[in-house]
Number of protein chains: 2
Amino acid sequence: MTSIAPPRERLLRAAAELFYAEGSAVGVERLCKAAGVSKRSMYQLFDSKDKVIAESLRVHGPATVAGYFPPPDAAMLPRDRILHVFARLEEQSGRPSFHGCPFVNTAVELHDASHEASRVALRFKEQLESYFLRHAEILGAPDPAFLAAQLTMLFDGAAVRAVMRAESLGGTAFRAATHLLDSFAPDR
Amino acid sequence: MTSIAPPRERLLRAAAELFYAEGSAVGVERLCKAAGVSKRSMYQLFDSKDKVIAESLRVHGPATVAGYFPPPDAAMLPRDRILHVFARLEEQSGRPSFHGCPFVNTAVELHDASHEASRVALRFKEQLESYFLRHAEILGAPDPAFLAAQLTMLFDGAAVRAVMRAESLGGTAFRAATHLLDSFAPDR
């Protein structure tokens, strides 16, 4: 027999999947049904749906972020470590299961930057920017923080592009990231 | 006495304002209350809330787009016409009433690219990209379509950044657009 996860885990997993696929406006009824948990149990575990949104992002967000990064011990140059993120985005963008960045979606959907889940979302977005910053510094970019901000804006804008067009980026984001890195290279 | 707009116009204006400020998940009750229109009247005018979302974007979208462009007869170079869009975004980004790009928000919130409103949103986004393309061509960019895509991704990524951080872009988007244009300039 396969073991069944406890209600809390089932709820958070169902929330992460359902809110990503359909948006955080999905109702409590559907969420509980998908998780196989009663509404009564849900409200015993969490004060509100808002808490579920924040906690599901907090618990499942790290896997989303890690999915864009190469293994830390991979033998890769900093430039390739940056481009790896865009190569992964290009791959993801062509899949029917791709609905953009879950952190951007949550922040956009909630329309409230002070919402606990919006603050969790921002922290994950900052992890991406810190990753870019670290490698921009190793690359010796003249203004690493500016390059990191540019790469983050490109990532988010590209994800939005794929969502709005409902099609693969077709290499545009990867090429734009390459162009950005080249534009800072000292030999230009 | 001030004249009162007919119910259809009041509904579409309230929808544009409320969905932009709080998201398209806002319910029909609140929408009708804000518009001062009965639910019965709303359903006589529109088949569904989905139709209201699409039509409010269609009717009020052109003013949003136009708000980012300089007057067509302004004496401005193509480069400045492109940068004008980012200068406007910088201004907007610092205002409490700024909630990002309404077209991106609608597409993200609906999670359905085949929804009528998502298709309307995409058409407006394409107007922005066409504007960039037209001016990139006049500028003599080596690959105007690529530059237009890069500028569009920057615009969307920057708007998302302002929303997630709930703060002004502080010049980052304008500087990034300038950098992008400079990176294609023939004298580099």
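Buried residues account for 53% of the 188 residues in chain A. Please keep in mind that this is a predicted model, and that the values below are computed from its atoms.

### Chain A as a whole

Let us begin with the overall make-up. The secondary structure of chain A consists of nine helices and zero strands, so that reading from the N terminus gives the order α-α-α-α-α-α-α-α-α. Along the principal axes, the C-alpha atoms of chain A fill a box of roughly 65 × 40 × 30 Å.

### How the two chains are related

What rotation superposes chain A on chain B? A rotation of 180 degrees does, with 0.0 Å of shift along its axis and an RMSD of 0.0 Å. That is the relation of a two-fold axis. Among the residues of chain A, A:Gly157 comes closest to the rotation axis, with its C-alpha at 1.9 Å.

The interface fits with this picture: 100% of the interface residues of chain A are also interface residues in chain B, so the copies meet through the same surface.

One residue to look at here is B:Met164, which is found in helix H8 of chain B. With a relative accessible area of 6%, B:Met164 is buried, because the cut-off for buried is under 20%. Neighbours within four places in sequence aside, B:Met164 is in contact with A:Phe103, A:Val104, A:Ala107, A:Ala121, A:Leu122 and A:Lys125. Within its own chain, B:Met164 and B:Ser114 are 50 residues apart along the chain, and their C-alpha atoms are separated by 26 Å.

### Helices H1 and H4 of chain A

Next comes a helix pair. Helix H1 (residues 7–22) and helix H4 (residues 49–66) of chain A have axes that come within 9 Å and cross at roughly 90 degrees. H1(A) and H4(A) are therefore roughly perpendicular to each other. On the H1(A) side, the contact is made by A:Arg8, A:Leu12, A:Arg13, A:Ala15, A:Ala16 and A:Phe19. On the H4(A) side, the residues are A:Lys49, A:Val52, A:Ile53, A:Glu55, A:Ser56, A:Val59 and A:His60. Sorted by class, this contact has seven nonpolar, two polar and four charged residues.

Is A:Lys49 buried or exposed? At 19% relative accessibility, A:Lys49 counts as buried, since the cut-off is under 20%. Leaving aside neighbours within four places in sequence, A:Lys49 is in contact with A:Phe19, A:Ser24, A:Ala25, A:Val26, A:Val28 and A:Met42. A:Lys49 and A:Ala15 are 34 residues apart in sequence, with 9.6 Å between their C-alpha atoms.

A:Ser118 lies in helix H7 (residues 116–139) of chain A. Its relative accessibility is 3%, so A:Ser118 counts as buried. Beyond the neighbours within four places in sequence, A:Ser118 is in contact with A:Ala107, A:Leu110, A:Asp112 and A:Ala113. From A:Ser118 to A:Asn105, 13 residues apart in sequence, the C-alpha to C-alpha distance is 9.5 Å.

Most residues other than glycine have a negative phi. Which backbone angle stands out at A:Ala166? A:Ala166 has a positive phi of about 50 degrees although it is not a glycine. This alanine lies in the loop between helix H8 (144–165) and helix H9 (172–184) of chain A. In chain B, phi of B:Ala166 is near 50 degrees, again a positive value in a residue other than glycine. B:Ala166 lies in the loop between helix H8 (144–165) and helix H9 (172–184) of chain B.

The accessibility of the residues discussed above is gathered here.

| Residue | Relative accessibility | Class |
|---|---|---|
| A:Lys49 | 19% | buried |
| A:Ser118 | 3% | buried |
| B:Met164 | 6% | buried |
| A:Ala166 | 53% | exposed |
| B:Ala166 | 55% | exposed |

Technical notes:
Residues are numbered from 1 along each chain as its sequence is written. Chains are lettered from A and ligands numbered from 1 in the order in which they are written. This is a predicted model: local features need pLDDT of at least 70, side-chain atom pairs count only at pLDDT 80 or more; totals for chains, interfaces and linings use all residues. Side-chain values use heavy atoms; hydrogens and water are left out. Axes are lines fitted to C-alpha atoms, for helices over the stretch in contact, and angles run from 0 to 180 degrees between N-to-C directions. Helices (H or I, at least four residues) and strands (E, at least two) are DSSP runs, numbered from the N terminus. Angles under 35 degrees count as roughly parallel, over 145 as roughly antiparallel, 65 to 115 as roughly perpendicular and the rest as oblique. Contact means heavy atoms within 4.5 Å. Ala, Val, Leu, Ile, Met, Phe, Trp, Tyr, Cys and Pro count as nonpolar, Asp, Glu, Lys and Arg as charged, and the others, Gly among them, as polar. Copies are superposed by least squares on the C-alpha atoms of residues with pLDDT of at least 70 in both. Buried means under 20% relative accessible area, exposed over 50%, partly exposed in between (1.4 Å probe, protein chains only).
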